[in-house]
Amino acid sequence: MNNNYDVIVIGAGNGGLAAAAYCAKAGLKTLLLEKHNLPGGSASSFVRGRFEFEPSLHELFGVGLPDNPTDYAKMFMELGANVDWRSHNSTYRLIVPAEADDPEGFVGENGVRVKVDASMPVGFEAFSRKLDSLVPGSYEPAMKVFRLSTLMYEAFDMLTSGKINPVKLLTKYGDVFKMAGHTVKECLDELGMPEKAQGIFTAYWCYMGAPPMRFDMLYYMSMMHGYVERGASMPHLRSHEMSCAMDKAIRDNGGEIRYNSEVTKVLMKDGKPCGVVINGSTEVYGRYFICNVHPGFALPDLFAPGEVPEDANKKVNGRPIAASLVTVYLGMNRTKEQLGFHDYSIFIAPTSDSDRQFHLSQGKMGADFVIINCMNEAIPDCSPEGTSILFLTGICYGDVMQGVKPQDYKKLKTKIADEMITRCEQTLGLTIKPYIEEIEIGLPPTFSRYLNTPNGTPYGYQLDLWDSMLPRTIQYEKDQPFDNFYFCGASQERGDGYGCAYYSGQKAAGLVIKQFTEGK
Amino acid sequence: MESLLKSFNKRDFISVVANRQKRFAAADGSVPAGTDGSRELARALHPKAQYVKVAAVTERAPDVKSFTLVPDPSRGTTALAWFGAGKYLTVFVTINGMPVTRAYSISSSPKASLEGKYELTIKLVDGGLVSRYILDNWQVGTEVTVSAPEGNFEYQPLRDAKNVIGLAGGSGITPFLSMAQAIADGDEDFELTLLYGSRNKDNILFFDELAALEKACPKFRVVHVLSDKDAKAGKGFEKGFLTAELIQKYAPADAPYSVFLCGPQQMYEFVDKELAKLDLERKFIRHEMFGEFHNPASQPDYPAGVPETVKITVTQAGEKKTVEGSSNDSVLQILEKNGVAAPARCRSGECGFCHSLLISGKIYTPPHMDYRRMADLQFGFIHPCCSFPLTDLEIDVPPAK
């Protein structure tokens, strides 16, 4: 057996899959190593009884429609990875429950007292009009934001086309740089958006785990624009379908994949990686390495002290770990109509202030902020006839498991799930608990186990203004520990999200392919 | 276009990049800690393997023994993983150079695991290779390797009724024994009424232990159901089988109840028909897996004209070899019989640990064991533990690890 590869990809998460697929397609002798028995990391599925659950994907923007595929759908097509996409034409519904004595409270759906109940439609015009109907005076500021984000995408096109005109970039697209240099909050204030409307407008903060007061407008809008412009998509057969399609594309292009194959050490020669040890025993060698393991664990786990430049350690220690999640997966023995669900994605928040929501999630798992998804709204046949699938997500920050004993963990999981389900029942005025046929609960240790990240974060590093997409992009190559070893995944340029991770793999592969073809 | 963000300067962004470099320069340059509470907990609950030693052997009945397993620090295990009552361990053994696995429910309490003790109770299976080997060979001091606790046969308060009727047959008593102890210890909180089917009084496993638990714990009750025609029954005994009438007799009349089943395949075939008469909601019936499936040709949808022997070309970690076996054996069994160690945990189709790629050829999976993901069916992945070859196959199997 020939043990030498052009490129070894460590970890078959979304980033690693895309990296291996592009390298294999370019004709590089590619080996993809994954410690688990399945591809995808977050992008997977699991079966309980007669239900197959989606572990993590809420929705994906930038897929487009079958007759007009865009970014990620094109990426999959380009790689020969076939996915059956299902689109849904809504953004989100934000509900903020009201205390009995709250003067802003009113009686909403199912007789529940709420302060905010905003079902936001797709389309810039429709979205802005709806926002205005909820908070008068927000139409103009909202339309201005979408004008800015449209301009921003034009600038992105110019930057990625390779035909960069610096004069035009700074004159026509000056506002784009301003968006990158200022927070969401600062920009919305500058555009005169009323406070309450800002709360509704920034509800997507949870998808990136970064609050409006700390997060840059450029990156927030790159996501928000995508969802509001065209709605979102999902793979028909859970995200395991996307991972299987990538697996097949890699093999079809001559790449090799090994599951149950954990990289336990990176081998060094002349101060640079030259190979890896698999499962503590087998050595394989490579010229280039793409690493889908979070740097916070990759550096201490895979290298001996002194092998990694001090600078690389600083880039780990100097950054806060991003959010982790609490998830509850419910297989229901009633249909969505019987249960009373008619929205795909509902954000239940303790306050309409997104910054406050972020602060309430520090060091705490709990039911304050819950996203509830009814999968059958997006994929009607995702569960057997007469049933439905609900998926609850909470967000938390910090080392929330410190001091939790193994024997207390099962009870803790049940307690937190119970609180989250109760919160949904009370806020929506619906009954959920008696109809639970299957339940699974994921806490940060669950994500730690499957994703191998600090605090079990699926989100990489905290996306703050100072460490957001654009500064990370500008310094990407400098951020890598060696000139033949590139990180990919949520810890890199674009942070969390499936699309961002696929992109990170494509980017790392591009740099490796370039060096390879230049004979370096 | 006129600027919409008039009071901002486009150069503000430059300071963002400079700020990032400054922050990194000031950061700690030592090796990152590489640990946190979530990682520690995940590792404690799901170790890659547990290295243990047999500390005691207890003869429970003819051909039934309990083995007490304790950590073996000399091989790197200093503590045992805690588990929810009802879980199983996969045991790894090598018999005449053949690497095989078996799943056994833990019969001891979760609490005992914290004191460094698991108990597995193993009954000889007719023609059973592994159970024979273990009963004949394991003695005090034997080194054993087991998996982390696995499986989903557990009480879940948000899903199950507060009252549970446990239906056990033979050595299917083991997970219920663990559950009853967990209730007595306060680790679980539900009312368990156990209907335990045995042929006669002499065949009952853990009779004294169950009686003691019943006495000590008001939430647990056991009813022995004896099937031999001339079995002597008395107070606390029922005669016959695990029928719908019997379940109704012991189930609460005015409250919902869950039924948990653990026993051999034949018991499920009988009890499932009885349960159908009770018209319970599907969520209230939960089966533990019964292990390996044999004789696929007995299934009504098994195709005709399958050759007796098949060739399997297997690639594992980049190395290819071809083995031969009987089409009556699962792909996993054929690999093991040829000395190929393959990943396996539940051996019942459910856990998916053996997930492998079928490159060419056809297999048969009994429908009731087919827990593959939908995309697996589309992309050609199989669970070798319940896949029976219908033709020669080419497969890619991950290393056993």
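Chain B is divided into domain 1 (45-146), domain 2 (163-287) and domain 3 (296-396), with bounds from an automatic or database domain assignment. This is a predicted model, in which local features need pLDDT of at least 70 and side-chain atom pairs pLDDT 80 or more, while totals for chains, interfaces and linings use all residues. Residues are numbered from 1 along each chain as its sequence is written, and chains are lettered from A and ligands numbered from 1 in the order in which they are written.

Student: What makes domain 1 and domain 3 of chain B count as in contact?

Tutor: Two residues are in contact if their C-beta atoms, placed from the backbone, lie within 7 Å. By this criterion, 7 residues of domain 1 of chain B are in contact with 8 residues of domain 3 of chain B. Strand β4 (residues 98-105) of chain B gives the largest share of the domain 1 side, 5 residues; strands are DSSP runs of E, at least two residues, and helices runs of H or I, at least four, numbered from the N terminus.

Student: Why are β14 and β17 of chain B said to stand at the edges?

Tutor: The open sheet has the order β14-β13-β19-β15-β17 (chain B). Each of β14 and β17 has a single partner strand, so one side of each is left without a neighbour in the sheet.

Student: How do you know that β15 and β19 of chain B pair?

Tutor: Pairing requires at least two bridges found by DSSP. Strands β15 and β19 of chain B have 3 bridges, in the antiparallel sense, and therefore meet the definition. B:Leu358 has B:Ile395 as its bridge partner.
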